[in-house]
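Biologist: I've got a model open and I'd like to learn how to read it. Could you take me through it one feature at a time?

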Amino acid sequence: MSGEPRRVLVTSPRMRAARRPRRKVTREIDEQTGLGEAYMRSLVRAQLRLALGVCAVLGVAVGGLPLVFAAAPDLEVLGLPLPWVLLAGLVYPLFVAGGWWYVRQAERNERDFADLVERDA
């Protein structure tokens, strides 16, 4: 054992490597850096996807009405022609419900984005 080198314990007052200062995500967004642009692009894509989805559902619902009118042109519901019942009783409430759902989901997207930005700050 005398021929082997003795172990030496090397210590330093700094136990960890120096960390790079983190930049706040809000600063990244304000300065329009690549990371900030990626965050904003993700929010815009989420909002666009939501808008296109709501428009597609409403478009299919309203776009399908002429097919219903052609299939049953003389049908009456409660003494009213079917087109009037569907337009007054289905389309307007569908648009209101679609708008309400869109606003709720858009606010949820924005809340999730704000949570993400605040968490990384």
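Biologist: Let's start with Gln47: does it count as buried or exposed?

Modeller: Buried means under 20% relative accessible area, exposed over 50%, and partly exposed in between (1.4 Å probe, protein chains only). Gln47 counts as buried because its relative accessibility is 15%. Bear in mind that this is a predicted model, where local features need pLDDT of at least 70, side-chain atom pairs count only at pLDDT 80 or more, and totals for chains, interfaces and linings use all residues. Residues are numbered from 1 along each chain as its sequence is written, and side-chain values use heavy atoms, with hydrogens and water left out.

Biologist: Where is the place of Gln47?

Modeller: Helices are DSSP runs of H or I, at least four residues, and strands are runs of E, at least two, numbered from the N terminus. Gln47 sits in helix α2, residues 34–63.

Biologist: And which residues is Gln47 in contact with, leaving aside neighbours within four places in sequence?

Modeller: Contact means heavy atoms within 4.5 Å. For Gln47, that gives Tyr102, Ala106, Asn109 and Glu110.

Biologist: With which side chain does the Gln47 side chain make a polar contact?

Modeller: That's a pair of N or O atoms within 3.5 Å; within protein, one must be able to donate a hydrogen and the other to accept it, and residues adjacent in sequence count only if both atoms are side-chain atoms. Here the partner is the side chain of Asn109, at 2.9 Å.

Biologist: What about Leu75: where is it found?

Modeller: Leu75 lies in the loop between α3 (65–71) and β1 (76–77). It counts as partly exposed, because its relative accessibility is 46%.
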